[in-house]
Amino acid sequence: MAHIVVENLVKTFQVAERQAGTWGAVRGLVRRTHRTVHALDGISFELRPGELVGYIGPNGAGKSTTVKMLAGILVPTSGRCEVLGRVPWKERKAHVQQLGVVFGQRTQLWWDLPVVESFDLLRDIYRVPADRYRVLRDELTERLNLGSLLDTPVRQLSLGQRMRCDLAASLLHAPPLLFLDEPTIGLDAVSKLAVREFVQTLNRERGVTVILTTHDMDDIEALCSRVIVIGGGRILSDGTLDALRERVTRERWLLLDLEEADLAIEDPDAEILRRDGQRVTLRFDPARVSPAQLISRLTARYPIRDLFVQNPPIEEIIARLYGGQEG
Amino acid sequence: MRAYRSLVAARFRVLLQYRAAALAGMATQLFWGLIRVMIFEAFYRSTTRPQPMRYSEIVTYIWLGQAMLGLLPWNFDTEVRNMLRSGSVVYELARPLDLYTHWYCRAFAQRVAPTLLRSLPLLTVALLFLGMRLPPSVASGLGWLLTTFGATLLNTAFMTLVTITMLWTISGEGIQRAAPFVVYLFSGMLLPLAFWPARMQPLLHFLPFRGMVDVPFRLYLGQIPAAQMFGEFALQLLWTAFFILAGRALLAQGTRRLVVQGG
Amino acid sequence: MTDAWRLYRHYFALSLRGQMQYRASFLIQLVGFFCTTIIEFLGIWALFSRFGSLRGWSLAEIALFYGVIHLSFAFAEIFGRGLDTFPNLVKTGDFDRLLLRPRSTLFQVIGMEVSLMRVGRILQALPILLWGAHSVGIVWTVGKALLLLGAVVGGTSLFLGLFVLQAALSFWTVEGLEIANILTHGGTETGQYPLDIYRPWFRTFFTFVVPLACANTLPISLLLHRPGALPLLGSLSPCFGLLFFGLALLAWRQGVRHYHSTGS
């Protein structure tokens, strides 16, 4: 039984045009013209319980529109959407009771209150029984290391501390579904790892279904077995990261660390991508020439100190995917 | 020349964007004026006793009040207020003398510009449709203009003084709350001063606030003879000087206090 | 239903505590509200000493009108303060967060703030009301007390309804919210007097469009046994205020629906 079913979601907005110039402003007084924006052009996918999915795409691609629909905030122009057996916007209150949402850029906690008081208020808002609340709160406090923060007003917290508190807040009512929107944005390395580890444990141990929207590819690589790429209102790719890579390009990269700088490197099966003094990055197609063959050829001809074979970084993959869409 | 034209065009565009706000403001003032006029009308219909003002004079007084509302010392300069609250005014300490002048001029402009904009359409409508009368003589009209200018100077000085009290948080706050209310009561905005009981008249005459509203309006109506315009203007200037000196002194003391406290 | 009450109590306690933190400032503002409102009655008193009567109404009777309308407005102000800051919520997109909680959005907005300093208005309206009632010589019965209570309830629902409508406007537009102050503050000023002293068109507006008449003129006329008072209408008057509030709730719901389809 799927947790989330999305079928052919379409969303068009009518945006009032602002006319340029003085004459335009006067015209705007009398008549407003509208421009149609196709935010979503038929999105379909399904999520099973316990999946940890990355939902990525360039800005304006329709990510937040989709998530808002799944949350019940936005109503589609057409199409079907079912979350945990409900249509989100039709049964808003019942639906949101099962949902936790964290926005990286905005906190849901009350600014002037100590953290624990925000938690208490949320307990009443979500109607969590007192004893269950206490257990959950203590567990989350321990897992996310919030002990020293509970009595601090939210406005005095650092970004990393606030994010951990927001994560806890979103889970106080034990939702089976969690939406994370840019959860690691602006965080220092330590906090990022803490957040990632927490989400992973949450998903593995509790089976909480997670949708992660982010621009941070490290998050995606660390957490997501499945990645959905959206661009221009359409799904560009839906599958594992490796499958995504395969789809975009089979190429691999070879990083060489040469003994001398500015050495001319040439090979019929490899193309120089970048060079920086002693470092050269080559790309090749492993179908045309095996990595082993290429390496033995190059090491025979050039003084190589060190080398490294890797997949193109995921950013590169995504950029090409986006670029292909926009092109 | 082109640069000038585009500047005017840009300004016009901005004004158009504020059209809703401007219209709303005018509608509000029309409403308030109408209520007051209606209430007075009902009162005048209820008795034959002679009153300090004729009904037609009251109507003019009320509409003048709505038109000149923007001149009154009611709105704080939010930028200055934030500066004072955060204490960053300390950075401007280099020349406290100029700081006061700077604030005074800002407050003055903030009164004059919007009032000119709003009052002209409102006065036109009131004169044409709502029973407002023109001054009985040119001299009265001039007297009104002169003392309105004086009132603006006075209001600005008073407002600047109140703003400066923001350097003191609690007591300052009390004064800021009290000031508009005091002005509203003693200037003539709540009720033309002549309508207050006879016992109160000496007090009202002594206080500076009559110069803000009652004096210019009564000159307009001719109730204060035009010949007295210079005397009244001088009185306004006297009170203005008083508020300016008080404001300067308070600013100097207040910024010194900030420096001592470390900002 | 009981957990809604429990949640509101929680909101209330937090609001209270937050305001008590800055006690001196709170007191100053409370006194401020007291003073700024009481001078209105001072003005009325001064006018009555000059004119003697107002279309057959005495100062004591006007005091009843004054007291009732200010009590109504004060209660509405105290509980409806969250609605003042609502337009900002829509602008910043923080309204989304309210939609993500399993509670009525309006309930959450109202719960956000309870402005207790507005009690200053009550502190001056109540004595004036009591003085007026005493001077007029009302013989109190249960029925009369209920009538008065009904007037205040009707008035409070009316003003709260106006606040809700004003806030709901921001679902559709960014501008033009100031104009609603004409109805709320202007309505309060208007309601200080019986509606029959005003011009006919004004009277009609405040009877049928914004039913202010049900909050003051109808019930108080009945209370004072004025000739021409309508007993049935006068006693049912709070219903009109509540009806108006109900209409405002519908408008709010429409606004939320609009938000659902446009996102902002």
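How many residues does the contact take from chain C and from chain B? In this predicted model, in which local features need pLDDT of at least 70, side-chain atom pairs count only at pLDDT 80 or more, and totals for chains, interfaces and linings use all residues, the contact (heavy atoms within 4.5 Å) takes 38 residues from chain C and 38 residues from chain B. Residues are numbered from 1 along each chain as its sequence is written, chains are lettered from A and ligands numbered from 1 in the order in which they are written, and side-chain values use heavy atoms, with hydrogens and water left out.

Between them, chain C and chain B bury about 3,600 Å², of which 71% lies on carbon and sulfur atoms; buried area is the accessible area, taken with a 1.4 Å probe, that two parts lose on being put together, summed over both. On the side of chain C, the residues that lose the most area to chain B are Ile39(C), Arg50(C) and Phe51(C), which together account for 22% of what that side buries. Across this interface the rule finds 2 salt bridges, a salt bridge being a side-chain nitrogen of Lys or Arg within 4 Å of a carboxyl oxygen of Asp or Glu. Glu41(B) and Arg199(C) meet through their side chains in a salt bridge, at 3.1 Å from N to O.

The side of chain C that touches chain B draws two or more residues from each of helix 2 (23-51), helix 10 (181-191) and helix 11 (200-209) of chain C, where helices are DSSP runs of H or I with at least four residues and strands are runs of E with at least two, numbered from the N terminus. Helix 2 of chain C provides the largest share of that side, 19 residues. By class, the side comprises 20 nonpolar, 11 polar and 7 charged residues, with Ala, Val, Leu, Ile, Met, Phe, Trp, Tyr, Cys and Pro counted as nonpolar, Asp, Glu, Lys and Arg as charged, and the others, Gly among them, as polar.

A search of the whole structure finds 5 cavities of 30 Å³ or more; on a 1 Å grid over the protein atoms alone, a cavity is a set of points where a 1.4 Å probe fits but cannot get out, a pocket is an open set with protein on both sides within 12 Å along at least five of seven lines, and lining residues have an atom within 4 Å of a point. Grid points are joined across faces, edges and corners, and a volume is the space filled by probe spheres set on the points. The largest cavity has a volume of about 150 Å³, and its lining includes Arg36(B), Phe40(B), Glu40(C) and Tyr193(C). Helix 2 (19-45) of chain B and helix 2 of chain C each give two or more residues to this lining, and helix 2 of chain C gives the most, with 4 residues.

The second largest pocket holds about 1,500 Å³ of space. Among the 40 residues that line this pocket, Trp110(A), Trp111(A), Asp112(A), Met112(C) and Glu113(C) are the closest to its centre. Helix 1 of chain C gives the most to the lining, with 7 residues, and the lining as a whole has 16 nonpolar, 13 polar and 11 charged residues.
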